[in-house]
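Trainee: I've got a protein open on my screen. Can you walk me through it?
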Amino acid sequence: MTDTLPNIIHKLLDIPSLEKLEAQKSSSHNPRILLLYGSNRQPSFSRSLVQESALLLEQIGAEIKIFDPSSLPLPDTTPDTHEKVAELHELMQWSEGQVWCSPEYHGSMSAVFKSQLDWIPELHSTQGKTLALLQVNGGTQSFNVVNQLRTVGRCMHMFIIPNQLSVPEAFLEFDDTTGRMKPSSYYNRLVDVMEELIKFTLLLRDRRNYLLNRYSERGL
């Protein structure tokens, strides 16, 4: 093409380079990971999988917080100053990466999990943060929920890691006495996912401002 760009576009166009991709700062604190689960049942296998994930993340060197959705009101039924809503908003802001885990109900994520996401309308609290996706199934393996969560995470402008985990017949994968996940190929995959989440979080967290700097928002 021989046509030149209009001057206004040329002036605002960013030419990426390795130098620009260098982190503008170097955070020294441990990666901050928020974990969400999608069931208030006892026992809750999405909660158990999140708790197992939290143990792994702490071993890897992350600071973790788990949000308990049991008393979170339905979206739009109360002001967002509600104690549980305010807690969720604060944790969203605090986090640099997240883990989402929902059971599959009727081929989709649970209402408990979706309610948590529907209380987070502000993109500034999620965009540019890393995200790992998990699901648990009562029956055979399915990927409906992780696929749906991947779509939601993308709409919330998050960096979703490539790896993910779906656990079939989750009631067979946890020890009834300790609640811990049993050794298996699914546990091995969980370790893979948590390691990958921390790697991407460390890689991206200090580059968010540059990576999210968009032409359409630069002084037009």
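Mentor: One term to start: contact means heavy atoms within 4.5 Å. By that rule, Arg-41 touches Arg-47 and Tyr-105, leaving aside residues up to four places away in sequence. Keep in mind that this is a predicted model.

Trainee: Where is Arg-41 placed?
Mentor: In the loop between strand 1 (32-37) and helix 2.

Trainee: And how far apart are Arg-41 and Leu-212?
Mentor: In sequence, 171 residues. In space, 38 Å from C-alpha to C-alpha.

Trainee: Let me zoom out. How many helices and strands does the protein have?
Mentor: Seven helices and six strands. Starting at the N terminus, the order is α-β-α-β-α-β-β-α-β-α-β-α-α. The C-alpha atoms fill a box of roughly 65 × 40 × 35 Å along the principal axes.

Trainee: New topic: helix packing. What describes two packed helices?
Mentor: The angle between their axes, and the distance between the axes. Take helix 2 (residues 45-60) and helix 6 (residues 185-204). Their angle is about 55°, and their axes are 10 Å apart.

Trainee: Left-handed or right-handed crossing?
Mentor: The crossing of helix 2 and helix 6 is right-handed.

Trainee: Which residues make the contact?
Mentor: From helix 2, they include Leu-49, Glu-52 and Leu-56. From helix 6, they include Tyr-187, Met-194 and Ile-198. By class, the contact has 10 nonpolar, one polar and two charged residues.

Trainee: Now the strands. How many bridges join strand 5 to strand 6?
Mentor: Six. Strand 5 (residues 130-136) and strand 6 (residues 159-167) run parallel.

Trainee: What does the chain go through from strand 5 to strand 6?
Mentor: Helix 5 (residues 144-155). That β-α-β crossover is right-handed.

Trainee: Last one. What is phi of His-106?
Mentor: Near 50°, a positive value in a residue other than glycine. Find His-106 in the loop between strand 3 (97-105) and strand 4 (108-109).

Technical notes: Residues numbered from 1 in each chain as written. Predicted model: local features only at pLDDT ≥ 70, side-chain atom pairs only at ≥ 80, totals over all residues. Heavy atoms only, no water. Axes fitted to C-alpha atoms, helices over the stretch in contact; angles between N-to-C directions. Helix = DSSP H or I, 4+ residues; strand = E, 2+ residues; numbered from the N terminus. Left-handed = near helix turned anticlockwise from the far one by under 90°. Nonpolar A, V, L, I, M, F, W, Y, C, P; charged D, E, K, R; others polar. Pairing = 2+ DSSP bridges. Right-handed = clockwise from strand over helix to strand, strands pointing away.
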